[in-house]
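This note is meant for a colleague meeting the structure for the first time. Please keep the sequence and the model in view while reading.

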Amino acid sequence: MSEDIIKTEGLTKVFNKHLVAVDHVNFEVERGEIFGFLGPNGAGKTTTINMLITILKPTEGKASVLGFDIAEQDDNVRNVIGVVPQEYTADEDLTGLENVLLCADLYGIPRNVAKERAMDLLKLVELTDFKDKKVQTFSGGMRRRLELACGLINRPKVLFLDEPTLGLDVQTRTATWDYIRKLKKEYGMTLFMTTHYLEEADALCDRVAIIDHGKIIVVGSPEELKHSLGGDIITISIKEDTDVSELIRSVEHVKDVKTEDGSYRIKAEYGEVTAPFIIEALRKKGHTVTKLSLTEPTLNEVYLEYTGKSLRDAEESREAFFAQRMTMRRARQ
Amino acid sequence: MSSTNGNSKSKLHGLWALTNRELKKWYKAPVIFILSIVQPILWMGLLGKAMNIGALFSGGTFTLPQLTPPLTPPQLQQLGSYFAGLQTNILQGAFNTTDYFSFMAVGMIAFTALFTTMFSGMSVVWDRRLGFLNKALSTPVSRAVIIFSKVLSATLRSMFQAGIIIVIAVAFGLQVGATFTPLSILGVFAIMFLICVGLSSAFIAITIRSTRIETPMAVVSLINLPLMFASNAFFPTKFMPDWLQTIARFNPLTYTTDAVRQLLIFNTDWTQLAMDFTYVGIFAVIVATMGIVLSWRFLSR
């Protein structure tokens, strides 16, 4: 069953009458998938998420979350979503458990239910041993997990994660990914996340929307996007001096062949399947392959192809800059 | 589809949770808590005892010019008691009480209201910078509750401090008026509630748009002391120049302080007290409504 959990139509946000942060964005998020918004800082990712979680009102266009209109039925939306913000919002002066219970109070969850759920969630994110410690003493990874627990307290059907691993080291980042995957697999939750880490989008997301200057440039699964570039790069060298470009080109799935310093740079779909066929074809004609390498395109190449530039750090507002710096500083504690 | 998961549907849910979050920062941090008690003691000690206005008229010996014929001892005694009476008369005339310390200690209560509520604005800025505000905005908690929890926590803190000030002032020798009853204390809390709700709403409305902590600091330091001294908190307005008296006449702190004085140390003038309450009440309602409406509009951009 394909059911749209999130749907936007021409969603637009203009700040101060001229700064177009999100520009007529259309996309759908299906039930049970991890949908990622990939783009540089200042591309409009957070603005989009803020509209979907009803913090900001759209200037134009519509969006619905679980069938509720984000502008007209904002209270309904708030009840069924969970939010893990970019910042560490947990109160440093309170303990882990107190923070989760505070979140529960914001949803109006009765105390006895809240306590039980909070303990379950703290167990899920492996913070049970630290529940009575003040958040001040938490590491970046622990804080992120606490935010995750807070975001899940109302048993949301869809969870929004804004830059879930900003500032975390590689190890903690991979661990955080595991928690996110677990939510999808074990709870069948739909997740919407933003990131400016290519590896993260690649490793985690079922589908990715690349966004730049407030516009969605392309949407697809990381695999599709990479294949849309025309496939993998196979580099081959042969012993003989003859030109075998035409021979290679005749192999199925090969899209393009270029000669480069005596080696052949082949663009092919499904490189790992095509490469053996190329070797086979060459051997039949009596050639000896001396060297072979296979490179799969990364999302970085996809990004380059579609935006014409590498993922850059754009100028952004003082406020956003401060918030990110703050987050990163606390992440490293 | 059940959208609320069977959770509370009260419009006010979360109010106490958010208020208590603010209060916990205060009462769970021993240093901050103790400082907030020490602060009024310091001020009272410095202003109340250092500016010992009563001593201007007594203490010290002075020599009368040699008169011919010299004053007889009974005459001298008469003159002495005349001066002593003069001191009482002047103090009574100026401050409506013979004890400046009592006059000023009560002024401290309004002073506390002002200084405690100004922090409500700052905590909004912090919540914004740290992302907590956005987090709260994405939950079903009402926008008005988010703002009102700030107002309420500042108000409760001020009222607590007012209580401390009264206790300390009594310990330091506050002379209560002839009409004082324990009920008057309730009146003090009532007027404190009104002024704090008004003031903290105003501070929140001023600062909710700012993203940097420096803005509320600047606003607060610009407004606070002038507001304080253009009132009757430390000195009666009747000795002020006309223009300052005009400002003081509109200053809600003047009415707050007067109400507290009427209740605690003066012989209560009920019409005056009713006027004080009316003025502060109207101020609170208007400013709180404006503050909450402005903040609300800002929060639902």
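1. Basis of the note. This is a predicted model, in which local features need pLDDT of at least 70 and side-chain atom pairs count only at pLDDT 80 or more, while totals for chains, interfaces and linings use all residues. Residues are numbered from 1 along each chain as its sequence is written, and chains are lettered from A and ligands numbered from 1 in the order in which they are written. Helices (H or I, at least four residues) and strands (E, at least two) are DSSP runs numbered from the N terminus.

2. Helix H6 of chain B. H6(B) covers residues 143-171, and its end C-alpha atoms are 43 Å apart; this agrees with the 42 Å that its 29 residues should span at 1.5 Å a residue. The expected span is 1.5 Å times one less than the number of residues. After H6(B) comes Gly173(B), with a positive phi near 105 degrees.

3. H6(B) against H7(B). The axis of H6(B) comes within 8 Å of that of helix H7 (residues 182-207) of chain B, and the two cross at roughly 140 degrees. Axes are lines fitted to C-alpha atoms, for helices over the stretch in contact, and angles run from 0 to 180 degrees between N-to-C directions. H6(B) is therefore oblique to H7(B); angles under 35 degrees count as roughly parallel, over 145 as roughly antiparallel, 65 to 115 as roughly perpendicular and the rest as oblique. Residues in contact (C-beta atoms, placed from the backbone, within 7 Å) include Ile147(B), Val151(B) and Ile166(B) from H6(B), and Phe189(B), Met192(B) and Ile204(B) from H7(B). This contact divides into 14 nonpolar, four polar and one charged. Ala, Val, Leu, Ile, Met, Phe, Trp, Tyr, Cys and Pro count as nonpolar, Asp, Glu, Lys and Arg as charged, and the others, Gly among them, as polar.

4. H7(B) against H10(B). How do H7(B) and H10(B) lie to each other? They are roughly antiparallel, packing at an angle of about 170 degrees with their axes 9 Å apart. Gly187(B), Ile191(B) and Gly198(B) are among the H7(B) residues that meet H10(B), where the partners include Ala259(B) and Leu263(B).

5. The four-stranded sheet of chain A. This open sheet has the order E2-E1-E4-E5, with antiparallel pairing; two strands pair if DSSP finds at least two bridges between them. Strands E2 (19-30) and E5 (68-69) of chain A are its edges, each pairing on one side only. E1(A) and E4(A) are joined by five bridges, and Thr12(A) stands opposite Glu60(A) in E4(A). Helix H1 (residues 45-52) of chain A lies across E1, E2 and E4 of chain A, at about 120 degrees to E1(A).

6. The six-stranded sheet of chain A. Here the order is E6-E7-E8-E3-E9-E10, the sheet being open and its pairing mixed. From one strand to the next the twist averages 15 degrees. E3(A) and E9(A) run parallel, with four bridges between them, and Phe35(A) has Arg207(A) as its bridge partner in E9(A).

7. The contact of chains A and B. Each side is counted: 29 residues from chain B and 29 residues from chain A. On the side of chain B, H5(B) gives the most, with five residues. That side divides into eight nonpolar, 14 polar and seven charged residues.

Key
Contact = placed C-beta atoms within 7 Å.
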